[in-house]
Amino acid sequence: MTQALGLAAQALFLSNPNPRVGCVLVTSNGSVIGQGHTQRAGSPHAEIMALRDAAAQGHSTEGATAYVTLEPCSHHGRTGPCCDALIAAGIKKVVASIADPNPQVSGQGFARLRAAGIEVEVGPGAAESRELNIGFFSRMIRRAPWVRMKMAASLDGTTALANGQSQWITSPEARADGHAWRARACAVLTGIGTVLEDNPRLDVREVATPRQPHIVVVDSRLQTPLDAHLFIAGRTCIIYAAVPNDAKKAALEARGATVVLLPDMNGKVDLAAMMKDLGTREINELHVEAGSKLNGSLIRAGLVDEFLLYLAPKLLGPGQGLAALGPLQSLSEGVELQFHATDRVGPDLRIVARVAGRDQF
């Protein structure tokens, strides 16, 4: 199962919006005869890749055990049911890490395998598999993506000087690492302020990736310039607005964007409704790279699950902060976090912190 989990991790940048799954086929004497991981959406799942690998090597799968990091699917989606393929291959036993949270599967794959006389064991590697697919579990259970907010700052919490200068506070190593987190996300979200000030591409350039994440822009008044760097051929760009502007909407859509009108009672974008809409658009992990104003709005709305923070070993004094949250009236109003991981990345410190209890769904 450890080997299967390692294979699943190889699908990190590849399989969205499908889960990252690995599969290893083993004979009764413990020999590995086939292995594979999930490919691009619409392409074979891990079990099919492992079966093909075994066939390519001339191995019979009759009586073999399949170690797979997620319940084999039982429905016809973009591909056929993996449980049927395992049954047809003569697999004797399936060891799976965890049940698939997709309501179209959710135990039905296990039931179909058992009905065919295949022994099923569930549990080994469950925590690791769920963690690897936390966005997929979030979308299937909460109907909204797992929201990860990325920020880079000096040790005293400054993200930009008072004059706006921010490139670069952290190191090249931290920037490359941040691109790897972009690459694993289904979409990168920013605000219109960042678009107007920085004209970013928000694509993945520092690490190799087979796919680019979608772009999501919170732009209440549809101010996104038609020549913005966000518009890249073949890349999905979704712009959420609050104020109708039919002419600008048509112009943005002519550039390839999808414009969604989701106003709240204050004439701003309804951020909670936006998250639900992104869930319907198969966004598993949403990577936020925005300014302190939008950061603060998302945090106050309780929509951020995880923080990815890079701290540089330098002090910059007064300037722009991480998020426009306050002023708070008491310490109890603060957002309680739990440190999930801390690592050195080049000279910088990377902190992954989660809102307390947010991953319990």
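1. Let's start with a pair of strands: strand S4 (residues 93-96) and S5 run parallel and are joined by four bridges. Within this pair, valine 95 has glutamate 121 in S5 as its bridge partner. Strands here are DSSP runs of E with at least two residues, helices are runs of H or I with at least four, and both are numbered from the N terminus. Two strands count as paired if DSSP finds at least two bridges between them.

2. A word on the model before going further. It is a predicted model, in which local features need pLDDT of at least 70 and side-chain atom pairs count only at pLDDT 80 or more, while totals for chains, interfaces and linings use all residues. Residues are numbered from 1 along each chain as its sequence is written, and side-chain values use heavy atoms, with hydrogens and water left out.

3. S4 and S5 belong to an open sheet of five strands with mixed pairing, in the order S2-S1-S3-S4-S5. Strand S2 (32-37) and strand S5 (119-122) each have a single partner strand, so one side of each is left without a neighbour in the sheet. From one strand to the next, the twist averages 15°. Angles run from 0 to 180 degrees between N-to-C directions, with axes fitted as lines to C-alpha atoms, for helices over the stretch in contact.

4. Helices pack here too. H2 touches strand S1 (22-26), S2 and S3, and its direction makes about 140° with that of S2. Helix H4 (residues 108-115) lies across S4 and S5, at about 150° to S5. Contact means heavy atoms within 4.5 Å.

5. Now for the other sheet. Nine strands form an open, mixed sheet in the order S11-S10-S9-S8-S12-S6-S13-S16-S15. Its edge strands, each pairing on one side only, are strand S11 (257-261) and strand S15 (337-345). The twist averages 20° from one strand to the next. Inside this sheet, strand S13 (residues 306-312) and strand S16 (residues 348-355) run antiparallel and share six bridges, with tyrosine 310 opposite arginine 350 in S16. Helix H9 (residues 246-254) packs on the sheet against strand S10 (237-241) and S11, its direction making about 150° with that of S11.

6. The second largest pocket holds about 410 Å³ of space. Of its 26 lining residues, Asn18, Pro19, His45, His75 and Asn102 are the closest to its centre. Helix H2 (46-56) and helix H6 (134-142) are the elements that give two or more residues to the lining, and H6 gives the most, with three.

7. Which loop holds serine 74? Serine 74 lies between strand S3 (65-68) and helix H3 (82-88). Serine 74 counts as buried because its relative accessibility is 6%, and buried means under 20% relative accessible area, exposed over 50%, partly exposed in between (1.4 Å probe, protein chains only). Beyond its neighbours within four places in sequence, serine 74 contacts Pro81, Cys83, Gln104, Val105, Gln108, Gly109 and Arg112.

8. Glutamate 282 sits in the loop between helix H10 (271-280) and strand S12 (285-288). Glutamate 282 and asparagine 16 are 266 residues apart in sequence, yet 8.5 Å apart in space, C-alpha to C-alpha. Leaving aside neighbours within four places in sequence, glutamate 282 contacts Pro17, Arg78, Arg139 and Cys186.

Note on methods:
On a 1 Å grid over the protein atoms alone, a cavity is a set of points where a 1.4 Å probe fits but cannot get out, and a pocket is an open set with protein on both sides within 12 Å along at least five of seven lines; lining residues have an atom within 4 Å of a point. Grid points are joined across faces, edges and corners, and a volume is the space filled by probe spheres set on the points.
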